[in-house]
Structures are given as C-alpha cells and as structure tokens.
Amino acid sequence: MGEVLLRGLTPSVLAILVRRGADFAAAEDAVQDALVEAVRVWPADPPRDAKGWLVTVAWRKFLDTTRADTSRRRREDRVDEEPAPGPAPALDDTLQLYFLCAHPSLTPSSAVALTLRAVGGLTTRQIAEAYLVPEATMAQRISRAKRTVSGVRFEQPGDVATVLRVLYLVFNEGYSGDVDLAAEAIRLTRQLATAIDHPEVAGLLALMLLHHARRPARTAPDGGLVPLAAQDRGRWDTGLIAEGVVILQAALARDRLGEFQAQAAIAALHADAPTAEETDWVQIVEWYDELGRLTDNPIVRLNRAVALGEADGPHAGLAALAELDTALPRHTAAAAYLHERAGDPATAARLYAEAATKAPNLAERTHLTRQAARLNTY
Amino acid sequence: MAKYLLLKHYRGAPAPVNDVPMDQWTPEEISAHVQYMNDFAARLEKTGEFVDGQALSPEGTFVRYDGEGRPPVTDGPFAETKDLIAGWMVIDVDTYERAVELAGELSAAPGAGGKPIHEWLELRPFYGVQPTITE
C-alpha cells in the first residue's frame with residue numbers, strides 16, 4: 001500500500017480511537033506512531049486488513065502512553081474513570097475531524113498544520129519542511145493547536161466554510177517542498193467531498209483541479225512565471241480539466257451558488273478557450289459580477305477591471321480601475337498592463353517598474369521587471 | 001503565515017533610548033541581556049513562530065570578482081560603512097501586527113541599568129510564494 005493510500009486511512013482510524021473514548025490529542029499522537037510503524041513493518045509483512053491493523057496498533061500505543069502517564073500521575077492524585085464512548089455518530093466522523101482541525105478558535109497557520117497532520121497523516125517533519133520552519137517550531141504549533149481545541153466536543157457540528165478556507169490556504173499558498181501540498185489539498189478536498197454533499201465543497205474541488213491542470217504550463221524552464229495568456233495550452237492537463245468541469249456543472253445545477261463555484265466557473269472559461277484570444281471575456285466579467293455580489297473582496301473588483309479591459313477594451317478597463325483604491329495589491333501591475341494595451345508603452349513601462357517594487361513575491365517581481373525591460377529596450 | 005526578518009544593527013539604525021554601548025554595561029547586565037534574548041527565542045519556539053536567529057561578527061570583508069583566472073579582490077572592513085548588521089531573527093507569524101508586536105518585545109531587551117534598550121529593529125517581510133490562484 002502506497003504512502004498516500006495509507007494516509008487516507010488516518011481520519012477514520014483517528015475517529016475510531018476518539019469514539020472509544022481516547023482524548024483527541026493523545027489519540028492523534030497514537031495514530032501518528034501507528035503510521036510510522038506501518039511504513040516500517042508493512043513492506044516486509046503487509047496486513048490483510050490495513051485499517052484494522054492501524055486501529056489495533058494505534059489503540060495499543062494509546063493505552064501504553066495512557067498507562068505510563070497514569071502510573072506517573074497515580075502517586076499524586078486519583079485518576080478519573082475512563083470516559084464512556086460517545087453517543088452514536090450523528091455526522092460522518094471524518095467530517096467531524098475536518099471541523100475540529102479548522103475550528104474557528106485556531107489561527108489560520110495552526111489550523112493548516114493540524115489539518116495536515118491529523119486529517120492528512122503527514123508527519124510534523126514533512127509539514128515543517130513544506131512551510132520552511134524548524135521541526136521543533138512546527139511541533140509546538142501543532143501541540144498548541146491541539147490544546148486550543150481540547151475543550152471542543154467531537155460531535156459539535158462545525159461550519160464547512162471554515163474547513164474550505166483552510167484547504168484553500170493549503171492549495172494556494174503551499175510552499176514547494178518534498179510534499180506536494182497542492183496535490184495534498186486536492187486529496188483532502190476530494191475526501192471531504194465524499195464525507196459531505198455540499199456545492200461549495202464541489203466548487204472548491206473543481207477550482208483546485210482546474211488550476212492544478214495548468215501547473216505544467218505556469219513555469220518557464222528558467223523558473224520564471226508564465227502568465228495565462230502566454231501559456232502553452234497544449235501542456236494543460238485535459239483530464240483534470242474535464243473532471244473539474246463535470247464536478248462544477250453538477251454543483252452549479254443545484255442552484256446554490258457560492259464564491260468557490262464562481263471562481264471555478266471563471267477558471268473553467270479560461271480552460272475552455274483553445275487560445276487566449278478566444279477567451280469568453282464577456283462571460284468572465286459576468287462571473288466576476290456574481291463573485292462581487294457574493295463577497296466584498298476588493299481583489300475581485302480589480303480582477304473584474306482587468307477582465308473588462310479584455311471584454312470592452314483597455315479604456316473601459318482603466319476606467320473601472322480608476323474607481324478602485326490604488327493601494328490594492330497588483331493595482332499598479334493591472335494599470336501597467338491596461339496602459340500597454342491602450343497603446344501607451346512609456347506609461348506602461350514606468351508602471352511595470354513601479355509594480356515590481358511592490359510585488360508580493362520574487363516570481364512576480366522578476367516577471368514585472370522583465371515587462372518593464374521589454375518595453376524600455378524596444 | 002508570513003515570514004519576517006527582525007534586523008539588529010551595530011550601526012545604521014537611529015539611536016536607541018538607552019544608548020549606552022555594551023562594553024560599558026556591568027557583566028550582570030550583559031548576562032541579563034543574553035538571557036532575555038535566549039528566553040525570547042525559546043518562547044517563540046513554544047508559540048510555533050520561531051524560524052531562525054543568528055548573530056554576526058562586526059568584522060566583515062568586501063569581496064568581488066576580478067576577472068577570468070584571477071583571485072577575487074578583497075577589501076575592507078570600511079569604517080564608513082553606514083549599515084552594519086549585528087544579527088537577525090526570522091519569525092513566521094499570521095499577521096503583520098503580530099510581527100510588529102514581537103519586534104517591540106525584542107526591542108525591550110534590557111541594557112545598561114537593567115532598563116530596556118528601546119533599540120530600533122528593522123522589520124522586513126520575506127517575499128511570499130507565488131499563489132496558485134490569481135485570476
């Protein structure tokens with residue numbers, strides 16, 4: 001059994017331990033230990049029932065730890081009785097774990113770390129490497145997160161929107177490392193989609209698939225950024241696009257629109273265009289209008305202005321842009337692009353250079369500097 | 001989730017409030033200062049926000065390429081170098097406000113008389129990653 005399949009069993013095994021009365025933090029440690037043991041033992045001696053094996057080993061490890069703790073504590077005070085198993089599950093256990101790990105009392109970074117460990121089954125070291133922090137720091141972040149949610153009842157229903165925000169963060173701001181966090185976010189969102197029937201879960205999954213499909217085309221051989229219009233569309237993963245579109249259409253058919261479905265619809269329209277010139281910008285602008293009604297995110301209005309520049313011409317785009325706060329991220333970059341399209345390369349070059357100094361990451365800075373240089377050296 | 005660099009200067013930052021050079025502190029004051037820095041780093045590790053901390057010697061050398069087949073040219077240190085870095089700490093925090101709060105705490109490290117130095121620390125954001133979803 002591969003590592004990913006093995007990790008897929010993590011939430012159900014953990015939920016069984018919690019249902020048997022183990023506290024979440026100790027059960028989570030025991031499941032991690034069992035996963036490590038499985039990686040060590042299984043290649044030579046694969047079990048017939050992988051999940052049963054993990055439950056047995058994790059439960060034994062939990063009992064060992066609890067007994068050691070108990071005998072240590074017994075000298076000081078009386079130990080509470082083992083808590084009785086909880087009531088019969090009202091909701092899917094896996095779903096409950098997602099809720100717990102994305103609990104609103106957690107900061108975004110701790111919710112991300114806890115989700116990747118307790119739901120994703122990644123080790124602390126893998127998570128630390130992925131986010132470029134020392135393992136000791138990540139270990140503390142995770143144990144603090146566990147303490148924060150220790151008072152939350154496992155059966156307490158949560159808000160699926162908080163879970164989606166955490167998964168979106170893992171997908172969108174994942175660092176590149178040994179673990180492919182984008183693929184991991186897709187796996188976790190797929191798993192969530194089997195645990196709950198919700199159009200926004202489907203919308204986020206579609207959004208991830210449609211963007212993941214473009215990944216091979218997003219980066220030049222030198223590591224530079226390739227913008228959407230310049231991407232080699234032959235390198236887009238048509239299988240992922242087809243899957244994303246099917247999932248999105250089924251979600252949209254239920255007529256409960258949300259922001260992830262709207263974002264996915266925009267991604268699908270890009271995916272549908274054989275060339276950049278054939279993009280249906282009019283529909284994209286309409287989807288940005290929908291998105292604007294669903295959220296009050298000013299970035300949406302900025303993106304809409306750029307889309308309007310394609311649909312109705314650069315002057316319409318610049319007019320829409322003029323109504324927005326110039327301090328918005330990528331405002332200057334958008335203005336540079338629209339000025340170039342409007343036939344004013346001198347202004348565009350100046351704005352590209354200015355935008356480069358404000359870029360939020362190195363790839364964008366290099367890209368914007370290259371745009372300024374291209375216009376300055378012609 | 002964003003990384004920030006807290007930069008400490010030997011030279012180049014505005015003068016602190018408690019502006020007595022370290023070589024004029026008592027040994028106990030130096031110990032108290034070192035302890036504060038260690039405790040601060042240990043506390044940040046516990047909150048899951050510590051990434052790295054390093055101190056630099058003030059004695060640096062400037063080096064540059066001098067052409068094919070020739071050894072690099074070295075020069076300095078230059079007394080007129082305006083900006084001299086003493087060390088840094090890298091933190092990984094949820095918000096800019098949290099980064100400012102932590103820099104403020106680090107700047108309260110005790111100096112002469114056991115009083116906070118009120119040292120100016122430079123707070124610099126790391127470049128983030130290119131997000132996957134941009135449109």
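**Exercise 1. State what share of the residues of chain A counts as buried, then describe the chain as a whole.**

Step 1. Of the 378 residues of chain A, 42% are buried. A residue is buried if 20 or more other C-beta atoms lie within 10 Å of its own, exposed if 12 or fewer, and partly exposed in between, with C-beta atoms placed from the backbone.

Step 2. Note the source. This is a predicted model, in which local features need pLDDT of at least 70 and side-chain atom pairs count only at pLDDT 80 or more, while totals for chains, interfaces and linings use all residues. Residues are numbered from 1 along each chain as its sequence is written, and chains are lettered from A and ligands numbered from 1 in the order in which they are written.

Step 3. Count the elements. Chain A has 20 helices and zero strands. Helices (H or I, at least four residues) and strands (E, at least two) are DSSP runs, numbered from the N terminus.

Step 4. Take the extent. Along the principal axes, the C-alpha atoms of chain A fill a box of roughly 80 × 45 × 40 Å.

Step 5. Look at the contacts. Among contacts in chain A with a separation of 6 or more, 61% join residues 24 or more positions apart. Two residues are in contact if their C-beta atoms, placed from the backbone, lie within 7 Å.

**Exercise 2. Find the domains of chain A and describe how they touch.**

Step 1. Chain A is divided into domain 1 (3–74) and domain 2 (90–173). These bounds come from an automatic or database domain assignment.

Step 2. The C-alpha centres of domain 1 and domain 2 of chain A are 18 Å apart. Twelve residues of domain 1 of chain A contact 14 residues of domain 2 of chain A.

Step 3. On the domain 1 side, helix H2 (10–19) and helix H3 (24–41) of chain A are the elements that give two or more residues. H2(A) gives the most, with six residues.

Step 4. By class, this side of domain 1 of chain A has seven nonpolar, three polar and two charged residues. Ala, Val, Leu, Ile, Met, Phe, Trp, Tyr, Cys and Pro count as nonpolar, Asp, Glu, Lys and Arg as charged, and the others, Gly among them, as polar.

Step 5. Compare with the record. UniProt, in an unreviewed entry, lists "domain: RNA polymerase sigma-70 region" for residues 9–68 of chain A. That stretch is 78% helix and 0% strand, with end C-alpha atoms 27 Å apart. UniProt also lists, again from an unreviewed entry, "domain: RNA polymerase sigma factor 70 region 4 type" for residues 98–148 of chain A. Here the chain is 73% helix and 0% strand, and the end C-alpha atoms are 15 Å apart. UniProt positions are in the numbering used here, feature names are shortened, and annotations may be inferred rather than shown by experiment.

**Exercise 3. Is Ala230(A) buried or exposed?**

Step 1. Ala230(A) is in the loop between helix H12 (215–218) and helix H13 (238–252) of chain A.

Step 2. Count neighbours. Ala230(A) has 10 other C-beta atoms within 10 Å, so the residue is exposed.

Step 3. Check a partner along the chain. Ala276(A) is 46 residues away in sequence, and its C-alpha atom is 7.7 Å from that of Ala230(A).

**Exercise 4. Identify which helix of chain A gives the largest share of the side that touches chain B.**

Step 1. The contact takes 29 residues from chain A and 17 residues from chain B.

Step 2. H8(A) gives the largest share of the chain A side, six residues.

Step 3. By class, the chain A side has 16 nonpolar, nine polar and four charged residues.
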